[in-house]
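Me: Please take a close look at one part of this model, then tell me what surrounds it. Keep it brisk, and flag where I should be careful.

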Amino acid sequence: MLQGTLDMLVLQTLALGPAHGHTITHVIEHRSEDVLQVEHGSLYPALHRLEDRGWIASFWGTSENNRKAKYYRLTQAGRKQLIAQTARWEQLVSAIGRILKPATEEPR
Amino acid sequence: MRIFRIIQRRARSLVHRSRADAELQREIEIHIQQLTKEAVAAGMTETEARARAVRNFGPIDPTKEKCRDTRGVNWIQDFTQDLHYGLRILLDSPGFTAIAILTIGLGIGANTAIFSIVDAVLLPSLPYRHSNQLVAMFNVPVKRPDAIAGISYRDFTEYRKQNGVFSEIAGNTFHDLTLTGAGEPIIVNTADVTPEIFPLLNAKPLAGRTLLPEDGKPGAAAVAVVSENLWRSRFGSSSGLVGKSIALDMRSFTVAGILPASFRYPEGAPRQDVWISVLQDPLFGPLASQPRVGLLGAIGRLKPGVPLAKAQAEMDTLSARLAKEFPDEDSGLTIRIKPYWETVIGNVRLALLVLLSAVGLLLLIACANIANLLVSRATTRAREIAVRIALGASRARIVRQLLTESALLALLGGFAGILLAVFAVRTLRPFLPSEIVQISSIHVGGSVLAFALLLSLAAALAFGLAPALIATPSNLQINIKEGSERTGKRGGQHLRNFLVIAEISLAVVLLVAGGLLLRSFALVTSVNPGFDPQNVTEAEVSLPQFQYSTPQQWRAFSNQLLARLDAQPGLRNSALAAPLPMDRQGQANLEFSIVGNAPLPRGKSTSANYQTVSPEYFRVMRIPLMSGRFFSEQDSPSHPKVAIISETLAQRYFPNQDPIGRQMRFGFPPDTNVSREIVGVVGDVRDVALSQKPGPIMYVPFAQAPLYGGEVVVRSSLSASSVAAAIRQAVYSIDKNLPVTDVESFPNALGQSISRERFRTFLLASFSALALILAAIGIFGVVSYSASQRRQEIGIRVALGAQRADVLRLILGQGAKLALLGLGVGIVFAFLLTRLMASMLYGVSPSDPVTFGAVAIILFVVAVTACYIPARRALRVDPLVALRYQ
Amino acid sequence: MPKPSDLLQGTLDLLILRTIARSPLHGWGIAKRIQTLSGDELSVGQGSLYPALHRLENQGWIRAKWEESDLGRPAKIYSLTPQGRKQLERELQSWDRLSSAVRLLIQNA
């Protein structure tokens with residue numbers, strides 16, 4: 001997977017509304033029909049990084065099962081970043097797509 | 001083949017490391033040149049362009065290094081590197097290394113020593129061609145399926161002629177003959193054989209020839225084959241021995257040939273010195289014509305491809321035919337065949353297998369111990385490992401590194417173990433019970449070394465893998481951040497606890513097994529044999545047939561000998577008996593019937609062990625008289641025949657009656673039907689083995705039932721050697737050509753009769769002691785490690801006012817918990833496993849509560865004591881120091 | 001311009017395999033081809049290209065030979081092995097799967 005993709009997916013998920021870490025994982029996995037698996041080992045560093053850059057913000061709330069949980073939400077900067085990253089991602093993927101395209105295959 | 005190409009490539013990159021580097025350099029150079037060309041094309045100057053290209057390319061060396069890494073997964077290079085590294089690590093902590101090597105050395109040493117015995121005894125390739133075709137054959141009376149009887153010479157010839165399943169059958173029996181005329185008279189172990197035995201066993205003479213079929217015919221000239229040993233020791237390796245004549249029991253035999261020392265038959269018996277035709281034997285020769293006398297054992301070679309069952313079936317048919325043809329002699333006899341190998345191994349098999357499993361357990365304990373040490377070290381080394389991984393080493397690479405270290409340890413330990421084994425085998429050999437065959441062939445040889453090596457490598461895997469995996473957890477970043485204290489704590493601690501529990505439970509199994517044997521051995525040795533062996537010396541006197549062929553002569557000799565012995569000063573009293581209790585040549589078991597009782601139903605019979613003794617015998621042996629009288633000089637051939645019976649016989653066959661005055665019919669052939677009056681009842685005697693309950697015994701006066709010799713027993717307060725000298729002198733004063741053999745103090749002889757028990761008890765007890773020590777070290781290691789890890793916690797507790805007792809309880813409690821868990825598991829296993837050794841025990845049940853209880857207590861106490869030292873050390877910690885320690 | 005580190009290993013392998021699947025090429029040519037085909041969107045850093053080539057060669061997916069080249073001198077030319085072709089198929093599939101999954105997520109927002 002392209003690096004930076006996870007950041008984008010997290011931002012994208014939070015664009016739907018605030019969520020805590022577990023929900024983010026769940027949403028990504030569920031909406032990608034389980035094709036994308038998010039490792040906890042990489043999710044939390046990503047959240048940390050995004051918060052650091054001011055793209056997301058965290059607050060304490062109560063989870064579904066009445067536990068205290070840390071929630072994340074998208075900031076304004078984060079929303080801009082999401083748009084930029086999505087565009088960038090599309091760009092990269094289409095660039096890769098051009099290389100992979102079978103139409104340009106030359107005779108071997 | 002892809003794999004082939006990869007190997008080829010790696011091999012090439014190993015050999016041409018520099019060339020591969022040079023190629024890479026060239027490749028990179030091209031790349032940079034292209035970059036430069038582009039820049040020049042864009043209008044830069046040559047130098048500018050070059051500089052920019054190099055800058056754009058980035059640092060070259062890390063790239064090269066990375067390439068080398070991917071290609072240079074060349075394990076030989078890594079291996080030598082690992083080896084260096086491992087050696088350095090081991091040398092850095094000599095204490096750890098020494099303990100580990102010693103532990104593994106003990107484990108492997110014990111295993112190798114026992115394996116070398118097993119290798120020689122249980123896995124022998126018998127030194128005969130196609131030895132798996134060889135079977136032993138013997139008669140089994142239908143009435144007593146556990147007994148073994150000989151085959152009469154006539155039946156043997158019938159079997160040999162009529163069977164279609166054996167390519168050859170040979171008969172043999174054994175007899176001690178007296179060799180005279182070659183130095184002092186000596187007894188030579190003589191094998192009475194039928195000549196077929198030599199081709200059957202593929203015996204090639206060193207000189208001359210072996211026996212030919214003609215030599216086995218009745219009336220043939222008397223010829224003998226002698227052993228290389230006898231030839232060297234008695235005939236000075238004389239080259240002219242073949243064709244000369246020698247005297248055996250004063251009968252002249254022409255030496256036909258010499259057999260090399262490498263020929264040994266039968267296995268597991270004393271070496272034979274002389275082979276003659278059974279028909280030439282002074283005692284057995286005449287008996288061969290009596291079809292009632294089961295004279296021979298037989299060995300056969302199956303025709304190729306004939307299975308054992310088919311041979312047995314054919315022999316069954318033949319034996320049934322013989323029983324029909326000769327009902328007088330052969331009814332009630334069946335023939336059994338058994339692989340020859342089985343008869344050689346005999347009953348040492350179980351004992352050896354138990355020993356082998358015991359040392360196996362010991363090795364497991366040793367491995368658990370080392371695994372423990374390694375896990376402890378692995379957790380403290382976690383930071384070092386994390387750094388290495390951060391620097392680009394893969395997990396597999398680190399695991400390999402750690403495994404190399406443990407393999408190094410194991411091989412060093414294995415080497416120490418082999419040294420120990422060589423030493424142990426040398427020390428143990430004299431203690432081996434003589435019935436364990438081929439003692440001389442027990443040595444640390446090639447297969448044993450291979451075994452030790454394999455064991456070392458298996459051990460390395462066993463104790464190296466878990467710690468290696470623990471030390472390299474998959475989330476490494478955390479390791480670097482959090483340092484060594486916490487890392488691997490979870491997994492490490494759990495694993496260490498598990499190992500200690502396993503260790504303790506294995507030790508329980510070993511200790512229980514050892515304890516049971518010890519208890520049973522103590523019972524055997526403390527058992528009252530029914531007589532008093534102290535201050536009794538025994539000696540065997542055997543009368544050669546040529547001089548002493550009639551019962552009258554035997555009787556006269558015994559009277560003369562006893563009179564001379566009585567005349568010797570210092571000998572309190574003496575007697576003659578045949579056989580003695582625990583006699584190496586076994587006991588004589590004869591059928592008897594009681595006069596006046598209704599005849600027994602067909603197919604039923606009563607039997608008892610039989611001894612012929614001179615009057616003083618009971619006083620010499622201090623066997624108590626229960627009722628009636630002992631034998632006296634009056635019980636001579638001219639007087640009524642009498643007998644004395646043992647208490648068991650009296651109780652079993654004369655319940656609620658007084659046996660004195662009753663008559664019994666029994667006797668050594670040909671006196672089988674002689675009726676004898678019971679004149680006395682004496683105390684029971686353990687005559688077969690100390691561990692076997694006394695059975696019924698009947699005694700007859702030697703004068704009324706003489707034999708061609710017997711055992712002299714003398715009670716005297718003199719030293720055994722002066723008694724031996726006195727006996728020899730008495731015998732030689734009658735006939736200086738008579739050999740006196742097996743002179744021994746009775747307690748010694750008894751000791752030998754339990755040498756097997758003593759040997760395995762000694763070994764298993766030492767193994768369990770080792771296991772106890774190893775388990776103690778193991779629990780000590782775990783508890784002291786965790787105590788040192790908990791320094792901070794303990795410091796805080798002490799600072800917060802915890803009492804010494806609390807801290808002690810905390811640490812001892814941890815050890816006690818492990819010990820109890822281990823005990824619980826171990827006792828269950830021991831309970832299940834010790835029943836396998838039930839047949840090795842005497843007077844102790846395999847689930848003996850005393851042994852189990854004692855083992856539990858000992859282990860628990862040892863375990864808690866082992867925890868006490870780290871607990872004390874933890875208490876001595878200054879709370880401030882402990883708090884700062886982090 | 002994306003930095004080389006923007007491409008994770010898996011993607012780089014895929015690109016290299018795909019590129020030499022068309023025709024055997026030297027290292028320089030591979031880098032150049034990827035850059036051109038992607039319309040300068042992707043540039044492969046030499047620091048990751050050569051290690052990747054070595055790794056692929058070790059896996060047995062590509063093989064190399066020193067041959068005369070369009071550079072006017074012998075160069076190390078990489079070509080795909082049959083195993084490499086299978087690996088390329090696998091990686092193409094996994095790429096399709098993953099990228100469409102991500103696309104699904106960002107487009108349904």
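Reply: Start with chain C. In this predicted model, chain C averages a pLDDT of 80, and 89% of its residues score at least 70. Where pLDDT is low, the predicted coordinates should not be read in detail. For the model overall, ipTM is 0.76 and pTM is 0.56.

Now the fold of chain C. It has 4 helices and 3 strands. Read from the N terminus, the elements of chain C go α-β-α-α-β-β-α. Chain C has 109 residues, and 44% of them count as buried. Take contacts in chain C between residues at least 6 apart in sequence: 52% of them join residues at least 24 apart.

Chain C has a partner in chain A. The two meet through 25 residues of chain A and 25 residues of chain C. On the chain A side, α1 (5-15), α2 (21-31) and α4 (76-100) each supply at least two residues. The largest share, 9 residues, comes from α4(A). By class, the side of chain A that touches chain C has 13 nonpolar, 7 polar and 5 charged residues.

What does chain A itself look like? It has 4 helices and 3 strands. From the N terminus on, the order in chain A is α-β-α-α-β-β-α. Of its 108 residues, 31% are buried. Among contacts in chain A with a separation of 6 or more, residues 24 or more positions apart account for 50%.

Helix α4(A) deserves a check of its geometry. At 1.5 Å a residue, its 25 residues should span 36 Å; the end C-alpha atoms are 36 Å apart, so the model agrees with the expectation. Buried positions run along α4(A), including A:G78, A:Q81, A:L82, A:Q85 and A:W89. A:L92, A:A95, A:I96, A:I99 and A:L100 are also among them.

Next, chain B. It has 886 residues, of which 42% count as buried. Its secondary structure holds 29 helices and 21 strands. Of the contacts in chain B between residues at least 6 apart in sequence, 82% join residues at least 24 apart.

Strand β16 (residues 642-646) of chain B has the highest mean, 94, while helix α18 (residues 476-482) of chain B has the lowest, 40. Over residues 475-489 of chain B the pLDDT is below 50.

Where are the nonpolar cores? The largest one has 103 residues. B:L362, B:I504, B:A771 and B:I779 have the most contacts inside it. Domain 2 (76-127 + 346-483) and domain 4 (488-527 + 749-886) of chain B both contribute residues, so this core lies between them. A second, separate core has 59 residues, among them B:L565, B:I644, B:L649 and B:L738. In soluble globular proteins, nonpolar side chains tend to be buried together.

Zoom in on B:I779. Leaving aside residues up to four places away in sequence, B:I779 touches B:V500, B:I504, B:G815 and B:L818, among others. Its contacts also include B:A819, B:A863, B:A866 and B:C867.

Most residues other than glycine have a negative phi, and most peptide bonds are trans. A cis peptide bond joins B:A578 and B:P579, with omega about -10°. B:P579 sits in the loop between β12 (571-578) and β13 (588-594) of chain B.

Two residues other than glycine have a positive phi. For B:S237 the phi is near 55°. B:S237 is in the loop between α9 (228-235) and β6 (245-248) of chain B. B:S237 has 11 C-beta neighbours inside 10 Å, so it counts as exposed; the cut-off for exposed is 12 or fewer.

For B:R622, phi is about 55°. The loop that holds B:R622 runs between α21 (617-621) and β15 (625-628) of chain B. B:R622 has 15 C-beta neighbours inside 10 Å, so it counts as partly exposed.

Note on methods
Residues are numbered from 1 along each chain as its sequence is written. Chains are lettered from A and ligands numbered from 1 in the order in which they are written. Two residues are in contact if their C-beta atoms, placed from the backbone, lie within 7 Å. Ala, Val, Leu, Ile, Met, Phe, Trp, Tyr, Cys and Pro count as nonpolar, Asp, Glu, Lys and Arg as charged, and the others, Gly among them, as polar. pLDDT is the predictor's confidence in each residue, from 0 to 100. A nonpolar core is a set of buried Ala, Val, Leu, Ile, Met, Phe, Trp, Tyr and Cys residues joined through C-beta atoms within 7 Å. A residue is buried if 20 or more other C-beta atoms lie within 10 Å of its own, exposed if 12 or fewer, and partly exposed in between; C-beta atoms are placed from the backbone. Domain bounds come from an automatic or database domain assignment. The expected span of a helix is 1.5 Å times one less than its number of residues.
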